[in-house]
Amino acid sequence: MNTINNKRRKESKDKIEKIFVNLIQTKEINEISVTEICKEAGLNRSTFYANYLDVYDLAEKVVKRIEEDVFSLYKEERETKNNSHNYLKLFKHIKDNQLFYKTYFKLNMNKHYIFTEYDKNLSKIMFDDKYIDYHIEFFMAGLNAIIKKWLNNGCLESPKEINRILQDEYKHIVINK
């Protein structure tokens, strides 16, 4: 496929996803139709079906895109196997992409955590690796609860403030051990 068609296809997909993300803020997924998305996007249904099977496939791809974006934030750390415990870049990304993250949580309804990297080396130091699955679950649930609360409040606090809240909570775990 030539560059012009690739660019046009990407623009169409971006348009479809943007409209879907806006619609899902006020509707349930089963209330959104392909026809509605295409009408708002000014695209033919054939354009939609060239990229997605249905609205649920679109939702799945939007969720996957968000997960890939988050995963890419920490690419260097995974490659070097060095966890910096830097959640600030995640919080900055969330603040810049609030609608996508709200969509992520609405579509996933707690099926997945947005951020699944957990430092197992730190867990060995802090907890002697005992009951690690419980510690991971506790940390991930807490992190996601902070993110959801922040999103629901319109991300009024800065990413730095949210990072500080997380650090303060995490310190209590270390102090109380």
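A residue is called buried when its relative accessible area is under 20%, exposed when over 50%, and partly exposed in between, using a 1.4 Å probe and protein chains only. This is a predicted model, in which local features need pLDDT of at least 70 and side-chain atom pairs count only at pLDDT 80 or more, while totals for chains, interfaces and linings use all residues. Residues are numbered from 1 along each chain as its sequence is written, and side-chain values use heavy atoms, without hydrogens or water.

Start with the fold. The protein chain has 10 helices and 0 strands; helices (H or I, at least four residues) and strands (E, at least two) are DSSP runs, numbered from the N terminus. Of its 177 residues, 36% are buried. Take contacts (heavy atoms within 4.5 Å) between residues at least 6 apart in sequence: 62% of them join residues at least 24 apart.

Now the aromatic rings. The whole structure holds 5 aromatic pairs. Rings of Phe, Tyr and Trp (its six-membered ring) pair if their centres lie within 6.5 Å; planes under 30 degrees apart are stacked, over 60 edge-to-face, the rest tilted. Tyrosine 87 and phenylalanine 139 have ring centres 5.9 Å apart and planes at 55°, so this pair is tilted. Tyrosine 87 sits in the loop between helix 5 (75-80) and helix 6 (88-96), and phenylalanine 139 in helix 9 (residues 132-152), 52 residues apart. Both tyrosine 87 and phenylalanine 139 are buried.

Phenylalanine 91 and tryptophan 150 pair edge-to-face, at 5.9 Å centre to centre and 85° between planes. Phenylalanine 91 is in helix 6 and tryptophan 150 in helix 9, so the pair ties together parts 59 residues apart in sequence. Phenylalanine 91 and tryptophan 150 are both buried.
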